[in-house]
Amino acid sequence: MENCAFCGGVLKFFEKINENVDNIDNAMDNITVAAEAAAEKIKLGKVTLSLDAPPSELEPEGVHKYGEFYLSSKGFEEDGVEKQFTTKEGGVVCISFLPVKGEKWNISEKSMIAVLIKSCYIISGRARVMSLMEKSLYTDRMTGICNTEGFMRYGGMLVARHQLVNYAAAFINIKNFKYVNQLFGSRQGDVLLRKFSQAMDRFVKDDGKFARLGGDNFVLLIKKGRITDLRAFADALSFEMGEGDMRQLYNLRLRMGIYEAVETDTMGDIMNKSSIAFNAARGDERKDVVFFSPLHLEEAIHKKKISTLFPTALDNGEFVVYYQPKVRLSDNKLCGCEALCRWIRDGKIVPPMDFIPVLETEGSICRLDFYVFEAVCADIKRWLEMGLDPVRVSVNFSKRHLHNQRLADQILGIIRKYGIDGSYIEVELTEMTGAEDFTAMSVFVDRMKENGVATSIDDFGTGYSSLNLLKDLDVDVIKLDKSFFTNINDADGGISTDRIVVKNIVNMVNELNMEAVSEGVETHAQAEFLRDTHCSMAQGFLFDRPLPKDEFEKRLSDEGFYADKG
Ligand code: C2E
Ligand code: MG
Ligand code: MG
């Protein structure tokens with residue numbers, strides 16, 4: 001009779017332990033549930049399980065766990081059943097069942113308990129495999145931290161609990177990581193990624209999530225109150241790199257876009273907004289950390305709109321060329337012009353500053369520049385055919401072209417295609433900062449000179465390497481940026497820093513046998529000052545605004561003299 005009760009307990013145990021075992025969270029709890037359900041009948045006092053697993057890819061530190069799954073309030077006896085199992089990966093699972101205080105199991109009972117232990121082993125093994133499978137699904141192999149799926153799952157859980165609003169999200173990239181690979185080799189680069197990931201993971205751990213998106217891009221969720229700590233932690237990150245004599249401390253610098261969640265945000269919203277803030281950080285050399293602002297969103301929408309509309313607009317001929325005259329200051333005669341692009345969209349003129357910077361960042365500016373250049377060559381050819389005497393037309397070429405080693409060939413090819421003389425063309429480039437860029441620019445300028453095409457440096461004085469450029473680049477024209485002239489007007493008594501700077505630049509330009517063009521000349525006083533300074537040419541609203549093609553043609557057919565002295 002007693003034995004029958006024991007058997008009933010054993011059956012109860014089996015029934016309970018096999019309930020809902022497909023759910024990992026339940027599987028281990030089932031041992032407790034089954035033990036509780038069967039405890040009285042099988043006279044159970046205590047159930048324990050320990051697991052020792054060696055280190056593996058998914059568990060780099062191995063596993064050492066001990067758990068009590070059942071403990072009777074009456075206490076327990078030491079003489080029970082204990083079994084050890086060795087797992088395939090070399091781990092050891094030890095499960096022990098002890099009878100309740102004052103009871104003793106006989107041999108047949110002990111053998112039934114041994115069967116229960118075996119079933120616990122199978123259940124716990126299955127739970128472990130399932131949790132490892134889940135872990136591998138949500139773990140980044142290379143660094144061992146969470147991957148994108150795991151991150152989204154964690155965030156989804158916060159959303160479901162209405163807790164996301166307490167968090168900030170950051171989109172993170174390691175600055176100059178490609179140089180780490182170049183300097184120390186890609187294997188060391190991987191080591192750095194791992195060390196960095198582990199350090200950040202430990203920092204974020206308990207109340208957030210740090211995840212690798214891929215490459216050196218990361219994302220994190222952290223309680224809003226820890227943002228300041230995060231920034232301090234990120235600022236102090238440094239790791240030992242290299243081997244042997246090459247060993248050195250490497251200070252890591254991060255670029256971060258941070259967004260603080262609001263009540264209505266989904267995971268999609270916070271990913272989107274932190275990456276928009278990140279893009280703003282990437283576009284701003286002076287700031288490594290940028291907090292999201294609605295303005296960034298507007299900019300991103302604007303950018304998206306421009307890049308989507310651009311290809312069709314170009315095919316539809318929505319981009320047209322305006323020409324702004326340049327005037328020789330010694331005789332006030334039209335001596336050249338600059339081709340400036342306009343986007344005619346729905347009958348309205350979109351100014352270049354609304355679309356050129358966007359096309360610059362995504363690279364399609366190169367297509368536009370060639371489009372404008374072809375249009376200019378076609379116009380010059382037509383003016384010649386009309387019997388007009390065209391002036392030299394300067395065309396803006398973005399600095400993005402300088403990475404194109406065929407730039408010079410392409411420009412010369414187009415000039416040839418339209419059968420015009422290279423002397424009608426001047427290529428305007430802007431100042432560059434890097435040494436690599438300088439070399440590319442210098443090679444390009446020399447190729448143009450050999451082929452009789454003039455070159456100029458645009459917006460001179462707004463970049464960094466101005467004086468080196470003057471000395472080492474064989475350009476024909478220096479265009480002084482219009483920002484120099486805002487302070488040079490009638491009210492200005494005579495001595496201003498800008499006057500001194502302009503005077504000296506123009507002097508240097510003249511002495512180097514180049515020509516100076518001043519841009520943005522709007523007043524008589526400015527023109528007068530420039531004439532006194534022996535600046536060769538001026539371009540600005542004082543003489544003409546950028547003109548549509550037919551109006552500019554009238555200037556070409558006129559005598560071409562301007563009177564600036566009102
Ligand atoms: P930029 O090459 O420095 O062109 C001179 C800019 O100064 C033009 O602006 C012109 O309209 C403006 N400007 C001329 N005179 C005056 C003046 O007296 N006062 C003031 N305040 N401004 C004056 P725009 O046409 O708006 O073009 C802006 C910039 O867009 C250009 O600056 C150039 O960098 C870029 N851009 C225009 N067309 C093209 C193009 O086809 N390709 C490339 N890559 N860039 C272009
Ligand atoms: Mg220009
Ligand atoms: Mg300019």
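**Ligand 1 and its surroundings**

Visitor: What lies 2.9 Å from a polar side-chain atom of Lys 482?

Guide: An oxygen atom of ligand 1 sits at that distance from the polar side-chain atom of Lys 482, in what is a predicted model.

Visitor: And which oxygen distances go with Arg 342 and Asp 459?

Guide: For Arg 342, an N or O atom of the side chain is 2.9 Å from an oxygen atom of ligand 1, while for Asp 459 a polar side-chain atom is 3.0 Å from an oxygen atom of the ligand. The protein covers 87% of the 790 Å² of accessible area that ligand 1 has on its own, areas being computed by the Shrake-Rupley method with a 1.4 Å probe, and for residues only the protein chains shown count as cover.

Visitor: How many residues surround ligand 1?

Guide: There are 24 around ligand 1, the closest being Arg 342, Asp 369, Asp 458, Glu 522 and Phe 541, where a residue qualifies if one of its heavy atoms lies within 4 Å of the molecule. By class, the shell holds ten nonpolar, five polar and nine charged residues; Ala, Val, Leu, Ile, Met, Phe, Trp, Tyr, Cys and Pro count as nonpolar, Asp, Glu, Lys and Arg as charged, and the others, including Gly, as polar.

Visitor: Which element gives the most to that shell?

Guide: Strand 14 does, with four residues, and strand 14 (333-345), helix 10 (352-362), helix 11 (365-385) and strand 18 (454-460) each supply at least two. Helices (H or I, at least four residues) and strands (E, at least two) are DSSP runs numbered from the N terminus.

Visitor: New topic: is Ser 398 buried or exposed?

Guide: Ser 398 counts as buried because its relative accessibility is 7%, with buried meaning under 20% relative accessible area, exposed over 50% and partly exposed in between (1.4 Å probe, protein chains only). Ser 398 is placed in the loop between strand 16 and helix 12 (407-417), and its side chain makes a polar contact with the side chain of Glu 360 at 3.1 Å. A polar contact is a pair of N or O atoms within 3.5 Å; within protein, one must be able to donate a hydrogen and the other to accept it, and residues adjacent in sequence count only if both atoms are side-chain atoms.

Visitor: Then where is Arg 212, and what does its side chain pair with?

Guide: Arg 212 is in strand 7 (residues 208-214) and is buried, at a relative accessible area of 11%. Its side chain makes a polar contact with the side chain of Asp 140 at 3.1 Å, and a polar atom of the Arg 212 side chain is 3.0 Å from the backbone oxygen of Gly 215.

Visitor: What about phi at His 162 and His 534?

Guide: Neither is a glycine, yet His 162 has a positive phi of about 60° and His 534 has one of about 65°. His 162 is exposed at 65% relative accessible area, as is His 534 at 57%.

Visitor: Where is confidence lowest?

Guide: Helix 14 (residues 466-472) is lowest, with a mean of 72, and strand 16 (residues 392-396) highest, at 98, on pLDDT, the predictor's confidence in each residue from 0 to 100. The chain averages 91, and 95% of the residues score at least 70.

Terms used
Residues are numbered from 1 along each chain as its sequence is written. Chains are lettered from A and ligands numbered from 1 in the order in which they are written. This is a predicted model: local features need pLDDT of at least 70, side-chain atom pairs count only at pLDDT 80 or more; totals for chains, interfaces and linings use all residues. Side-chain values use heavy atoms; hydrogens and water are left out.
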